[in-house]
Amino acid sequence: MLERMAHRGACGCDNDSGDGAGVLTAIPDDLYRKSVKEQDGSDLPPLGQYATGILFLEEESYKQAKEAFQDLARACGLRVIAWRKLGTNRECIGEEAKKTEPLIRQVFVSADYAESDPAKFERHVYLLRKQAVNSMTKQEVECYVCSLSTSTIVYKGQFNTHQLFKYYDDLTNPEYQTHLALVHSRFSTNTFPSWNRAQPNRILAHNGEINTLRGNINLMRAREGVMKSKHYRDDLQKLFPIVEEGLTDSGCLDNVMEFLVRAGGRSLPEAAMTMVPEAWEKDDDMSTEKKHFYRWAAMSMEPWDGPALLAFSDGRYIGAILDRNGLRPARYYLTDDDHLYLSSEVGVNDIPIESVVKKDRLRPGRMLLVDTHLKKIELDEDLKTRIANSRPHKQLSSSRIYLDLIRKDDVLSHGAVTNEFLNRLHLEQVNPGLIKKKDVHLDSDRRLALYAYTHDTFSLLLVPMIKEKKEALGSMGNDAALACLSDYSPLLFSYFQQLFAQVTNPPIDPFREQIVMSLRCPIGPESNMLEPDTELASRLILEQPVLSMVDMEVIKRTMYKGWKSKVIDITYPVKYGVKGLVPGLDAMCCVACTAALDGYQLLVLSDRLASSERVPIPSLLAVGAIHQCLIRHRLRMKVAIVVETGEARVVHDFCVLLGFGADAICPYMVYETMYRLRNLGLLDKELNDDQVYQGYRQGVERGIFKVMAKMGISTLHSYKHAQIFEIVGLAKDVVEMCFKNTVSRLGGATFEILAAEALKRHRSAFPTTSDASFGKPILPGGAR
């Protein structure tokens, strides 16, 4: 099968070094038992009472790595039985692969309690595997553990498909017996090929790409702050970071799936269902039990989204699952001698047609599973129904909160409030008399200039969006100057360009395929995902991320079910000048972390206090800084971040805010200005405030759907916080503090320059303010 898929892999510049190939099988106990006895003189315990794995080491640090591994094993309550030298043939591999060829050894470990308490033994084996990688990486000792398991073994390397079985002598040994095998040939798409990055990983092989990877990794790191384990207890910290450094998207996916199985109380197929859910939100034909499961899983983890065929095995189960869009092929045959073949291609095996009992393809979101203990094939519907009924998922996730419930509670506490009332109230607070009939000039509201609104913003972008309920169409291409070269103090959103999925094929049509697209997201505090039988904490369910004025007011003063919100002012005094931005960001981060520790569930970042005396910090900068700070301190999973800003107006602004940490956004300047336009007779009076909101919301929704589809992503839950943008023209210190790990190939605007641009917009909005109040001279808007 592997050799026939040579065209699916890739070769290096020498045409003989592959991007990677490997095989995962069950442990060939007889072969290892005989070989260890011959090499080391040791006797292995019965199968299941020892764990084994292949390690990639370096010649120079081999002894140090070996001693460190044995010390770690003792600390985990394990003992090393034997080290085995594998027979290899380096003459068959390419020149590039030879340059990085590791020293390869196989290790065998056991424990006195392995027979009496196999679950404890498995936990300690996993603890050893994680520590061997994490601690030795910190010590700069090369030690990559291909796998460490009581039931499976992984052979892999920087090979092409024809080299794997020639390189390892074991794989051509007639005594090598296994009841399952998982093979993979790699084509490097997002990282360079190496021995470590070859697949299969420890339990997983992956064809495709995870387009939401940065967000998935960030949020897994943040979840470490709310995790507790009754099994690992204080040792849980030794399993962190869950996602190891320097891995491919497939390697990261494997890390998390392995963690859910070894420490998360889930079976392997349930872990796959949790990470790659099918399209359940709009499926009216799906059983209620399955919907309860997916709703419960969504409250614990966002999907790992992108085109993907995942094949997996832990020794007992071997199976495959397809992404919710079905953007990768998977076909399978079942033969009359009880063999099951699954591959991303047909023709990988010569199977007589008369022996084929069934042949089919894996459908979007579906799973095929073989349970080798029960000796049966479980098809998707039966399998998922069984898992859905394994716990009372409806009761475990019954603490969901919906915005409608908070509104009703708020009405009982404060009385009814409308969008029109709030528009009028806020405008009067900003400038008494602003909405009177004698006011016929839009620029009498100086905040429009402060947030860089123009007449074209409304006539060409916003009004058509509200009326047509979709983005206004424009010419192809973008002839606007790069923000980093502009003399007109552009908003920070202009420094970001949306990436697109280069490998996803075919692209998703977000309107014809609406059943797989969803903007529904749970926000707020997450529960400990390592105790799946415990009732989840309350989370707020939002059907979409665009909030109305009423929504924003209700969220600010909510006390529903003990929830409370903290409003964080994201403005600072103008008198501090360009030097005031970074201290302002630091102060906001401090307030946010304190609020998370004090039990606030909602952080509202608001620039409403912007005035002639206070300059707003760019909302994107504030969101990014607070989001990254909360992740660093493992507090992000305790709170939701809601943004109330006058800057956001078009779809791109919403996408960038969502991509870098926001959970919901209220663009109050759009609503308030539309209210004024209607009162001034410049907008159809038939459009009331609720219709303005509904039209604008639907226009933004459609736009977000199109952006997600371009990225090969189907759910906002996984698009949020994924940082799928490229930065053009921001300095490294800005990226490190607010947009960490985002691609930024070109340096540029520092915090001082960004502050200067904000102050320049402020001076344009409030020209009566003396220049002396700005502190140091303002840098030219275009200076870089």
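At a relative accessibility of 17%, R608 counts as buried, the term denoting a relative accessible area under 20%, with exposed meaning over 50% and partly exposed the range in between (1.4 Å probe, protein chains only). E672, at 0% relative accessibility, is likewise classed as buried. The side chains of R608 and E672 meet in a salt bridge with an N to O distance of 2.9 Å, a salt bridge being defined as a side-chain nitrogen of Lys or Arg within 4 Å of a carboxyl oxygen of Asp or Glu. Because R608 lies in the loop between β22 (602-606) and β23 (614-616) whereas E672 belongs to helix α20 (residues 668-679), the pair ties together parts that are 64 residues apart in sequence; helices (H or I, at least four residues) and strands (E, at least two) are DSSP runs, numbered from the N terminus.

The model is predicted, so that local features need pLDDT of at least 70 and side-chain atom pairs count only at pLDDT 80 or more, while totals for chains, interfaces and linings use all residues. Residues are numbered from 1 along each chain as its sequence is written, and side-chain values use heavy atoms, with hydrogens and water left out.

Over the whole structure, 53 salt bridges are found. One of them joins E244 to R202, with the closest N and O atoms 3.4 Å apart, and links distant parts of the chain, given that E244 is in the loop between α6 (213-223) and α7 and R202 in the loop between β7 (181-185) and β8, 42 residues apart. E244 is buried, with a relative accessible area of 6%, and R202 is buried with a value of 5%. In a further salt bridge, the closest N and O atoms of E278 and K290 are 3.3 Å apart; E278 is placed in the loop between α8 (268-275) and α9 (288-298) and K290 in helix α9, 12 residues apart. Relative accessibility is 2% for E278, which counts as buried, and 3% for K290, which also counts as buried. Through salt bridges that share partners, E278, K290, R366, D380, E381 and K384 are joined into one network.

An open sheet is formed by 5 strands in the order β8-β9-β10-β14-β15, with antiparallel pairing, two strands being taken to pair if DSSP finds at least two bridges between them. Because β8 (204-208) and β15 (376-378) stand at the edges with a single partner strand each, one side of each is left without a neighbour in the sheet. From one strand to the next, the twist averages 10°. Within this sheet, strands β10 (residues 317-322) and β14 (residues 367-371) pair in the antiparallel sense over 5 bridges, and A320 has L368 as its bridge partner in β14. Helix α7 (residues 249-262) packs on the sheet, touching β8 and β9 (308-313), and its direction makes about 140° with that of β8; angles run from 0 to 180 degrees between N-to-C directions, and axes are lines fitted to C-alpha atoms, for helices over the stretch in contact.

Helices α13 (residues 419-430) and α16 (residues 549-556) pack at an angle of about 80°, with their axes 8 Å apart. The helix α13 is therefore roughly perpendicular to α16, a class that covers 65 to 115 degrees, with angles under 35 counted as roughly parallel, over 145 as roughly antiparallel and the rest as oblique. The contact, defined by heavy atoms within 4.5 Å, is made by N419, L422, N423 and H426 of α13 and by M549, V550 and E553 of α16.
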